[in-house]
Amino acid sequence: MKKILFLVLTIILGISFVYAQDDYLQKWKNDNISIEAARHMLQVDDGLIVGGYDHDFVVQLAKYDDTGKEVKTLKLDYEGTVCGFYEKDGKYYFITTNDDNWWEVMVYEITSDLTIVRKKATSYHMEEWNEQTELVGDKLYITTTGFGKVGGIFDDDDNYYDYFSINLVDFSVEAGNNEEWNFGVFGTEIQNNIKLNDAGIPGIVIKEKGDLTVVGGKMSPYDDSEGFIRFFNKTSNIVEDYDNNKFINEKLLTAGHWYTRIALLEDYIIAGGENYQAIDFFTYDGKYVDSINLVEELYESSVDKTYIQIEDIIYMKGRISVAYQVCDIVNDCPIGCKSGIAVFHKKYNIATKTDGNGIVKSATNSEYGSEEVSFSIEPNEGYVIKTVKITDKDGNVITYTKDDVKGNKFKMPYADVTIEVEFEPKNPETLAGVAIFGSFIILIVSFMVAVINIKKARELL
C-alpha cells in the first residue's frame, strides 16, 4: 500500500512540476555583431539596443530589429564601455566610462534610433565598469569604485567606494548619502563585505520586487568559491541578514561560477552570469525551477567544447534577451571570444469557448509577437457564425483578420487569450416554422395518447 501511495504522489508531483524552459522559445540569435564586448541591453518597441565597446575599445551602441539584424550603430569618440541602460517616461538613458579621462562617468539621453539628445560629464570616476546602479524616481544612482569623489582620484581607502545621483530631469549631479538611498546603502555595504575582484567587476547584483529582495554574487572574488543567489524578505535588515546568513532560500553554483545578472519575469526570476553558461529560473518564493543551457540551446554543443559567459539578461513583454561571450574552447579561447545576443519569446495559452452550436480549432499556445496565430470555426449543421471575440486575460480585445482562403489570424499579445464564438441559426424563419410544426405534431400525438388512455380507463371501470 505504501509503495502504491508513493507512486501516486510521484506521478502527481511529476505532473504538477513546472518546466520553465518549455514556456520559452528561441526566437533568434546573432553572434556576428559589430560590438566586440556587449555589456548591457535595452528593449525598445521596435527592437533591441546593445551597448559595450568595439574592437578598438571605443564605446559603441548598436540597434537590432525584431529579427536580430543590426540596423544602426553609434560610436563615441573615446575609449570606455556602456555601464547601463535606463528607460524613464518614454525617454532612454545610458551611462559610460571615459577611459581617455581616467574613467570619468558620462551620462546620455538618446532616442530609440540612437540619436543623442543631450549628454553630461559628471566629474565622478569609476574604475573600469563597476555597474552598481539603480534608477529611483527621477534619480539615477551610481556606485563608483577605485577613484572616489568629485574631482579626486586615488583618494584614501574611505573613498574607494562612493556613489552619487544624476537627476534625469535636469542632469544635475549630487553626492549620495546613506539616508536617501537604501539600495545604495546595503548595496555598497554588501559589496564591501564581498569585495571586488581585480578587474573591478561588481561582486553582487540586487533586484527587488514587492516584499522580495534577490541577491546574487560570489563568496570571494579571489578564489574559486561558490556563487550564490539568495532570497530575502525585503522588510528585514538586508545587511544584517546577509551577514548572518538569514534568508528565505538560496541556490549555490559550482566553484568559479556566479550570478551577476538577474531579471524579473512575470512568473519567474531568471539569473545567470560570470563563467556560467545557463540561465536559471526560480519561483518568487525562491525555489529553483529549471534552466536553459545556452551552449546546448544556441550551439547544440557541450561545455567541454564551447564556452559561454553571460553579460546581461533583460526581460520585457514576454521576451528574454541575453547578451553573452562565446568561443570555441579548443581553437579560440581565451583570446578569440566574440559577443552574441539571443532572444527567447514566451509561449502563452490560447483557449476557445463556444455556445455549443459549433467548434473552434486553434493551437493551444503561441509565442508572444507571432502574427500567424491561425484559427478556424466550424458551425454545426443549420448554424452560422454570429459573433467572434478574442480577448486577453485582462479583457482587452484583440483584432483579427478574416480570410476565407488562408483562414483567420491574429497577433499574439504577451498574455493568455480566449477565442469566444457565438452561433445562430442559418435560416431562423424556417427553423422557427419547423419548431412550430414539430410542436403541433407533438401536441396532436399527446392528445391522441390521452384519449386512448381515457378510453382504456373507462373499459376497466
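Lys346 sits in strand S23, which covers residues 338–354; strands here are DSSP runs of type E, at least two residues long, numbered from the N terminus. Keep in mind that this is a predicted model, where local features need pLDDT of at least 70, side-chain atom pairs count only at pLDDT 80 or more, and totals for chains, interfaces and linings use all residues. Residues are numbered from 1 along each chain as its sequence is written, and side-chain values use heavy atoms, with hydrogens and water left out.

**Around Lys346**

- Lys346 has 7% relative accessibility, so it counts as buried (under 20% relative accessible area; exposed is over 50% and partly exposed is in between, with a 1.4 Å probe and protein chains only).
- Its side chain makes a polar contact with the side chain of Asp267 at 2.7 Å (N or O atoms within 3.5 Å, one able to donate a hydrogen and the other to accept it; residues adjacent in sequence count only if both atoms are side-chain atoms).

**The open sheet**

- Four strands form an open sheet in the order S24-S26-S29-S28, with antiparallel pairing.
- Its edge strands, S24 (358–362) and S28 (400–401), each pair on one side only; pairing takes at least two DSSP bridges between two strands.
- S28 and S29 (residues 408–410) run antiparallel and are joined by two bridges.
- Tyr400 has Phe410 in S29 as its bridge partner.

**Cysteines**

- The whole structure has zero disulfides (pairs of cysteine sulfur atoms within 2.5 Å).
- Cys83 is buried, at 1% relative accessibility.
- Cys337 is buried too, with a relative accessible area of 16%.
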